[in-house]
Amino acid sequence: MALSREVYQALEDIVGTENITEEPATLYSYAYQWMAELVSDVSGGSKFFDRPEAVLVPGSAEEVQAIVKLCNRYKLKFHVYSTGWGPWAAPPSAGQILLDLRRMNRIVEIDEDNMFAVVEPYVVAAQLQAEVMKRGLNVHISGAGAGTSVLANACCFQGGGPDCIYFASPQDSILSIEWVMPTGECLRTGSLGAGLGWFCAEGPGPSTQGIIRGALGGSGGWGVVTKIAIRLVHWPGPPTMKIEGTVPAYRTPLPEDLFRAEFPAFPNWQAFADAIYKLYDAEIGYIAHRQFVMWGDELQAAFLNIVTDPSKQLCDIPELLAMPEIQKLTEEMRRCFQLILAGMTPRDLAYQKNVLDCILKETGGWNIAFVNEPAVQQYVLLFLIRLCFKSLNFTATGSFIDTYNSVASPDIWASGEIEAGKALLKKYAGRIADAGDQAMGPISGQGGGGVTGWEDFVFYDPFDPDSVKAAIEVSDEGDRLKAQKGRPPGGMLLGLARNTHADETARAAKLARAPEYRWQRRLRELFDPNGVGSGNYFWGTEPKGEEA
Amino acid sequence: MAISLAVLDDRVSCADEGLLDIVFQCMLDGCCDVACKVCRYDMEPVEIMRQLRFRLIDQGCFPFQDIPLIDNLRKEDNMMMARKSDRANWAEGLEVIDLTQGKADIAFHVGCRYSFDEELWRVPRAVVTLLKKAGFSVGIMGRDENCCGGRLYDMGYRGEFLKYAENNNDAWKTAGVQAVLTGCSDCYHAFKRLYPEEINFKLPVYHITELFDRLLQEGKITFSKSLPLKVTYHDPCHLGRRGEPYVPWHGQQKKIRGQILVYEPRKPRYNGAQGVYAPPRNIIQRIPGVQLVEMERSREYAWCCGAGAGVRERYPEFSSWTAGERIEEAVATGAEVLVSACPHCERNFMDALAQRNEKIKVYDIIDLIAEAL
């Protein structure tokens, strides 16, 4: 269904000829999104979702407002896109236009004294980090990596990551917001709404924090956030991170008296959980994440050797796994996480190291010596501080999803859920990568600690139909197991993304959280009376049956 | 990649003008290839783009700007809209061996840009003079030199490329040369990477920066003059990240641990790590008085000059904008001179500079060598 010439002309009048297209090649580039083949009810099993009817590249909040008002006038659905990552980046159904915000890529302001930055939607984390580091500051980077939008991570979809223990979760870091609502009106929240600048989220102007963001965010279907102020934290390192090494084994040599990467390891999961509580209590750590287990506890040691050595490739895995030192490291790393300590002074770092040593002593843990090798130390620092290697998630098989993940207090690590996740993956091993425990996640999902969790990664081959089928099955089984325990579905929510109300998994998951979905829909009706926001795979459909 | 899949799925027609603009505006500079391979061991973005171009050209879908260029190429064997009979004018009065008549150890392949761009003639002339002084037996094919075909290949004209590759190989065989030397990064990439991949080509290939770096290291030439200059070096894409030597591979894909894709035996990995980065920098840093400052994006992450893969000819405005971006980056270093080692980069920079109010000058690395000796 092509747009009428009248509508197309009206849109073109807003953004100019150069910034609108309905060329098929461009439209399909937006329809091609990660995991499309899994969301088969929407994509038909292909690598493509429905293509948008047109793509617009607005350059300002004013242009966005004009587009949204026009959509209301013509009852035309719009979907919003910035850096895009996953099925939620594509329009969820045909007949929609797509607003690509890549021209809105300005860092509007960096307020060093009050430690916040004001950014537009296409400012990526690496860009902002590079600028604020020059001023002795740093910014949270989502687990999706440094190439993703700071604003979208904060406002529009999940956005947590390895650094939340010190940097706080992104939703807790949002200050004032400029929001073009689904009606096209522009709402300025917090202190900005009272004309007092960007420094505060909750007043004296209006606060809509929970409405805009919630736990997941609107995934491109909830108006357009055109600017946010985001809180910054201290950075004790150099103004620029010097990058050394041969591609792909880049590394950064940071001052050794201020930075330290550690792999704390534990004899059992109870000790692991106890150590996390102690870490929270002691208030140490800049970044804390169970990162490299994304490759599987059986393969993470081998993979680390490959990515830190430019001469190695994936074909070296069998040989590496046969080496006694790798076997030893594999065993050592089974119950470990990655911890970056950053001292504001050398004395501060020394204190944190002492505290860590005490925690390890009290819990029977140890620091894995492998990370003391300079190349590994510097690689891990770069990996976790900049999160520039996040596409390594795709390295093993070309694609991944998660299943059976958990968000809870640290006790969850010792509750048997890790073993349950591992057993689930083992059941499908062969059709998905056989890698063992792949429970990757933050040691804290919020500032100072309190909540932790993981995603059970599933590596599948997106071009192998049986592997794709296995990925769907393991995702569904994970969600079913969780629904039986009254827990929400997996982080990427594929059960819901497939949007099949007839599907037992999605229905059970939605029913388990029915009041939330009901409230979301009520809010949606209030804020988007013409229903022009694209909706998304998770809450955009009309309720049916029991759910209604 | 998304667009390639859309074409394969017949979602997008090859005749779609929007498709052609997207596909042919890519300079095939290989930057995305390097970026993808930081994390991936199974992706070949440059290869995908090349195959897409071959497919489009095979189906008769190409930008209209190609028509005069390819017509002239077929008649005159060059990419410069020039006459073949003028190809050796740059060498007038040089007394260099003509390999169609005489013998020499090294064939100096000048390339289309140096041959026909008068403002750059000083560079190949200096190369010949310096090599003769250093005692090398070097010759040229003169008027019978042909285009290397490398740019044609990137533009999607694989058939034409093969013709030139075979012709050049035959000519060098007939001349009995032991090695091929070039100062052009496009030609270097063609000879070093494409010829061994596409035809039975065995000759050693050197870029002038590799040769002069070696001569300096061996003490066969030394710099005697000081040049008080602050310079920055632009890595030509086809000498840097795409200048990696071809390594033959015959193997297969297989899966281990269920679904992990590997290659058996080990497949060569072209990720920009083995490009020609050190030789030009070694040369510059040996020149007394010269201070080398790096741009923000260098080596495997260098920003393209904008001339690659026919974009200068097909989309001149975009090409010029791209060069302008790089010039701004060079100016930001505080350098007085932007040095490169490719005539295509230099021409694009010079033309973009002519439209700007910047004082920075563009030098070929041979200019520095010649001045400092």
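The legends below describe close-up views of a predicted model.

**View 1. Domains of chain A.** The domain assignment divides chain A into domain 1 (5-100), domain 2 (107-234), domain 3 (259-392), domain 4 (393-499) and domain 5 (512-547). Taken over C-alpha atoms, the centres of domain 1 and domain 3 of chain A are 42 Å apart.

**View 2. The largest nonpolar core and A:Ile340.** This core has 275 residues, and A:Ile230 and A:Ile340 have the most contacts inside it. Helix H16 (residues 374-386) of chain A gives the most to the core, with eight residues. Leaving out residues up to four places away in sequence, A:Ile340 touches A:Phe259, A:Ala261, A:Tyr286, A:Ile287, A:Leu381, A:Leu384 and A:Ile385.

**View 3. Cis peptide bonds.** In chain A, a cis peptide bond with omega of about 5° joins A:Val247 and A:Pro248. A:Pro248 sits in the loop between strand E11 (233-234) and strand E12 (259-262) of chain A. In chain B, the bond from B:Glu264 to B:Pro265 is cis, with omega near -5°. The loop between strand E8 (260-264) and helix H12 (278-286) of chain B holds B:Pro265.

View 4. Most residues other than glycine have a negative phi. A:Leu387 has a positive phi of about 50° and lies in the loop between H16 and E17 of chain A. A:Leu387 counts as buried because 26 C-beta neighbours lie inside 10 Å. Phi of B:Asp10 is near 60°, and B:Asp10 is in the loop between helix H1 (2-8) and helix H2 (17-24) of chain B. B:Asp10 has 8 C-beta neighbours inside 10 Å and so counts as exposed.

Terms used: Residues numbered from 1 in each chain as written. Chains lettered and ligands numbered in written order. Predicted model: local features only at pLDDT ≥ 70, side-chain atom pairs only at ≥ 80, totals over all residues. Domains from an automatic or database assignment. Core = buried A, V, L, I, M, F, W, Y, C linked by C-beta atoms within 7 Å. Buried ≥ 20, exposed ≤ 12 C-beta atoms within 10 Å, placed from the backbone. Helix = DSSP H or I, 4+ residues; strand = E, 2+ residues; numbered from the N terminus. Contact = placed C-beta atoms within 7 Å.
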